[in-house]
Amino acid sequence: MTSNPIITINLVIYNGGKYIRHCLDSVLKQSYPHELIELNILDNGSTDSTSGVIKNLESRISDLRFGKFSLVESKENLGMWPGQEKLLANSQGKYIVVLSVDVILDPDFIKNAIE
């Protein structure tokens, strides 16, 4: 029997307030065991509602018992790839999903990718 690996989802966001709820809802609906999902988000200096939307979802993320959740808030926009590199420095998953805020994952995306 093989055990399921830890998966990291890294999401760098800049002014994604109108998309972030849909993107995170798709992460929260993953059929893969939530305790094996590490979710790292970098708010890349957003000036819209992005931070507030994420903070409003934090209790739901906690209730779903994700393995790890971290929100890093940058005062300046580092850019997409420098932001991803910042998140990668603390990523512990065997596999890493580099996610964009305008992507909605199928509920079985991680499960199917691992299989």
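Reader: Which handedness does the crossing of α1 and α2 have?

Author: The crossing of α1 and α2 is right-handed. A crossing is right-handed if the near helix is turned clockwise from the far one by less than a right angle, and left-handed if anticlockwise. Helices here are DSSP runs of H or I with at least four residues, strands are runs of E with at least two, and both are numbered from the N terminus. This is a predicted model, in which local features need pLDDT of at least 70 and side-chain atom pairs count only at pLDDT 80 or more, while totals for chains, interfaces and linings use all residues. Residues are numbered from 1 along each chain, and side-chain values use heavy atoms, without hydrogens and water.

Reader: At what angle do the axes of α1 and α2 cross?

Author: Axes are lines fitted to C-alpha atoms, for helices over the stretch in contact, and angles run from 0 to 180 degrees between N-to-C directions. The axes of α1 (residues 20–28) and α2 (residues 50–63) cross at roughly 15° and come within 10 Å. Therefore α1 is roughly parallel to α2 (under 35 degrees; over 145 is roughly antiparallel, 65 to 115 roughly perpendicular, the rest oblique).

Reader: Which residues make the contact?

Author: Contact means heavy atoms within 4.5 Å. From α1 come Ile20, Arg21, Leu24, Asp25 and Leu28, and from α2 Val53, Ile54, Leu57, Arg60 and Ile61.

Reader: What is the phi of Asn15?

Author: Most residues other than glycine have a negative phi. Asn15 has a positive value, near 50°, and lies in the loop between β1 and α1. Arg65, in the loop between α2 and β3 (68–74), also has a positive phi, about 55°.
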